[in-house]
Protein chains: 2
Amino acid sequence: MLNRDYREVPVEPVSEGITIRWVVGRPEGAPNFAMRVIEFAPGAVFARHEHPYEHEIFVLEGEGVVEGPEGEVPMRPGIALYVPPDEPHGYRNTGEGVLRFICVIPHLEE
Amino acid sequence: MLNRDYREVPVEPVSEGITIRWVVGRPEGAPNFAMRVIEFAPGAVFARHEHPYEHEIFVLEGEGVVEGPEGEVPMRPGIALYVPPDEPHGYRNTGEGVLRFICVIPHLEE
């Protein structure tokens, strides 16, 4: 059994004000999906995009929005989101602190 | 995009002092894996068991231990756990409040 504090996992930059930690994934032997912890600094934006795999998200801390086909959906602690494959989505931290969420994705083809 | 507060998802009993909420899964259209939120009341125990699928876990609140092949592993907020397929594991809430964690599993054969 692997156990680790997510804060001990090295941070990787994504884009301005946005980082990712790959907490559990292929390197740990996980056969099917990867759990990542993503952080947005205040004001950070990840523009609308899409990809052929789903997201299962759980918000840990902060306030933000996801922009999807139906408009803006709130992100706050305790909110879970399911973003289907190929659905456009973009994130924005609208709060004064960090926006932190778990995002699980299937393993992608290598 | 589905968005829901996990607290709005109906609680299902698991065993004494233990509940589960299926937050995102097959009914929501998720193609590969399911995200559940599991809660242990103080003192609640889920005995050692095993199954042919993995767990990816993230502890949200409380204090507990997982008993695995290497002995006891701590559970506290921010700890992620990977339990490989077929590995024996059991949980115990060792704190004074609820032990709450996210547990993601692959879809099982129906």
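A residue is called buried when its relative accessible area is under 20%, exposed when over 50%, and partly exposed in between (1.4 Å probe, protein chains only). What you see is a predicted model, in which local features need pLDDT of at least 70, side-chain atom pairs count only at pLDDT 80 or more, and totals for chains, interfaces and linings use all residues. Residues are numbered from 1 along each chain as its sequence is written, chains are lettered from A and ligands numbered from 1 in the order in which they are written, and side-chain values use heavy atoms, with hydrogens and water left out.

**Where the chains meet**

- In this model, 44 residues of chain A are in contact (heavy atoms within 4.5 Å) with 44 residues of chain B.
- The size of an interface is often given as the accessible area lost when the parts come together.
- Here the buried area (the accessible area, with a 1.4 Å probe, that two parts lose on being put together, summed over both) is about 3300 Å² between chain A and chain B, and carbon and sulfur atoms give 65% of that.
- Met1(A), Phe33(A) and Tyr82(A) supply 26% of the area that chain A buries against chain B, more than any other three residues.
- Between the two chains there are zero salt bridges, a salt bridge being a side-chain nitrogen of Lys or Arg within 4 Å of a carboxyl oxygen of Asp or Glu.
- The largest share of the side of chain A that touches chain B, five residues, comes from β9(A). Strands are DSSP runs (E, at least two residues), numbered from the N terminus.

**The nonpolar cores**

- A nonpolar core is a set of buried Ala, Val, Leu, Ile, Met, Phe, Trp, Tyr and Cys residues joined through side-chain atoms within 4.5 Å.
- The largest one has 24 residues, and Phe58, Ile102 and Val104 of both chain A and chain B touch the most other members.
- Strands β3 (18-24), β4 (33-40), β9 (79-83) and β11 (99-106) of each chain give two or more residues to this core.
- A second, separate core has 21 residues, including Tyr53(A), Val83(A), Leu99(A) and Ile105(A).

- Leu60(A) sits in strand β6 of chain A. Why is Leu60(A) classed as partly exposed? Because its relative accessible area is 21%.
- Beyond four places in sequence, the contacts of Leu60(A) include Phe58(B) and Leu60(B). Leu60(A) and Gly78(A) are 18 residues apart in sequence, with 6.6 Å from C-alpha to C-alpha.
- Asp5(B) belongs to strand β1 (residues 2-5) of chain B and counts as buried because its relative accessibility is 10%.
- The side chain of Asp5(B) makes a polar contact with that of Arg7(B) at 2.8 Å. Leaving out residues up to four places away, Asp5(B) touches Gly78(A) and Ile79(A).
- His89(A) lies in strand β10 (residues 89-93) of chain A and counts as buried at 0% relative accessibility.
- The side chain of His89(A) makes polar contacts with the side chains of His51(A) (3.4 Å) and His55(A) (3.4 Å).

Notes: Helices (H or I, at least four residues) and strands (E, at least two) are DSSP runs, numbered from the N terminus. A polar contact is a pair of N or O atoms within 3.5 Å; within protein, one must be able to donate a hydrogen and the other to accept it, and residues adjacent in sequence count only if both atoms are side-chain atoms.
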